Amino acid sequence: MDERIVGWLQRLVQIPSVNPSHDGPSAHTSGEGALVTVLAEVFRSLDADEIIYDPVLSKRDNLYAIWHGANPAVALLDVHLDTVGVEQMTIDPFGGEVRDGRVYGRGAVDTKASLAVALAVIEAHQRTGAPFAQTIMIACTVDEEELGSGAIALAAWLQKRKLRPHTMIVAEPTECRPVYGHTGLVRLWLQTQGVAVHTSQPNRGINAITVMVPIVQAYIAEHQRLQTLPPAALGHGTLTVSRIDGGRGLNIVPDACRIGIDRRVVDGESAVAVQKELLAIAAHASGGTATHTFITDAEAFYQDPHHPWVIELCAFHGNTATTAPYGTNAFAYGDIPACCVVYGPGSIAQAHTEDEWVSVAELSRAADWYRHWWQLSSDITA
Ligand SMILES: [Zn+2]
């Protein structure tokens, strides 16, 4: 089985799928398109009952494969196809080299590892000729490494089809520990407008920085207020004024000022409601003169770690569920799946690195869990 997983992973790594936002001269092709074309063929060869292209962005489709099982319960794996860029890598990003019990290359751990495991497990099961015990769906999503638009499209598709997965894994390298929560975020720019004049006569103009100061102060106060609230399961929300630009010269009253805000959202908060609150705070502090530009927002992800399936997964590996300091596609799914965790082989410490790798032992551990999760016979060998 291990050789088959490694073989699949090498093949996946050898097909570049760099997110266009991370494009560069070494990326070869940008986007997930080439990988989607190959995977559609692979799913056909593995006798998937349904293969669905879900358009997300220009020439960037999600690809879904479904194997119907005797039991209508659906087990869903969301695995993102895109990777970060390769320009700073010190190894061949698309070589898929196997050395010292590791597979190297961009995407080897984040997150083609999970896809390789899934393909090898399904391939081995199909050789037995036995039916699947439950319905299995693999959702290959685009654009995780930039905006998560593939995850948003998958959530919409599931709702449209009224498909509520019984269990769901969002694939990311978690060292086979189920991750049951991470914060969401709201990011935005705020601009204030002034009137530039010579600093020798400042009263003739309007200082955009001076207009911005009460907004910054109000946001500092808001961060402090958040820390006094009863903590959510994921802790407290935070608000950081993380950028500030303004002014043109030491002798010019600034005509423009801009700040960037990063607000981390916890479970129980709505990212949309938080956006409105942030704008209301700015409007109150500036007398309604500030304008804004939203950058991005994502809901917090929280799954009750006492759900029987999470407990089963922890017991299987002899570990405990945890939270993640980073965001994942899980922000998009809310209560669509009955139970959802972030899970996968390998460590986030090797993701996005100059010599990205995953250990074969971790691939093997994840494959054991996938066979158990999908109720497949555990004595299958390659
Ligand atoms: Zn990832």
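Which strands does helix 1 lie across, and at about what angle to strand 5 does helix 1 run?

Guide: The model is predicted, so local features need pLDDT of at least 70 and side-chain atom pairs count only at pLDDT 80 or more, whereas totals for chains, interfaces and linings use all residues. Residues are numbered from 1 along each chain as its sequence is written, and side-chain values use heavy atoms, leaving out hydrogens and water.

Helix 1 (residues 2-13) lies across strand 4, strand 5 and strand 16, and runs at about 15 degrees to strand 5. Helices (H or I, at least four residues) and strands (E, at least two) are DSSP runs numbered from the N terminus; axes are lines fitted to C-alpha atoms, for helices over the stretch in contact, with angles from 0 to 180 degrees between N-to-C directions.

The three strands form an open antiparallel sheet in the order 4-5-16, where pairing requires at least two DSSP bridges. Strand 4 (98-99) and strand 16 (357-359) are the edge strands, each pairing on one side only. Strand 5 (residues 102-104) is joined to strand 4 by two bridges, and R99 stands opposite R102 of strand 5. Helix 8 also packs on the sheet, touching strand 5 and strand 16, and its direction makes about 65 degrees with that of strand 16. Contact here means heavy atoms within 4.5 Å.

Helix 8 (residues 360-373) in turn packs with helix 7 (residues 308-317) at an angle of about 140 degrees, the axes lying 11 Å apart. These two helices are therefore oblique to each other (under 35 degrees is roughly parallel, over 145 roughly antiparallel, 65 to 115 roughly perpendicular, and the rest oblique). W309, E312, L313, F316 and H317 of helix 7 meet R365, D368, W369, H372 and W373 of helix 8. By class, this contact has five nonpolar, two polar and three charged residues (Ala, Val, Leu, Ile, Met, Phe, Trp, Tyr, Cys and Pro are nonpolar; Asp, Glu, Lys and Arg are charged; the others, Gly among them, are polar).

Helix 3 (residues 112-128) is another partner of helix 8: their axes come within 9 Å and cross at roughly 50 degrees, which makes helix 3 oblique to helix 8. A113, S114, V117, A118 and V121 of helix 3 meet L363, A366, A367, Y370 and R371 of helix 8. That contact has eight nonpolar, one polar and one charged residues.
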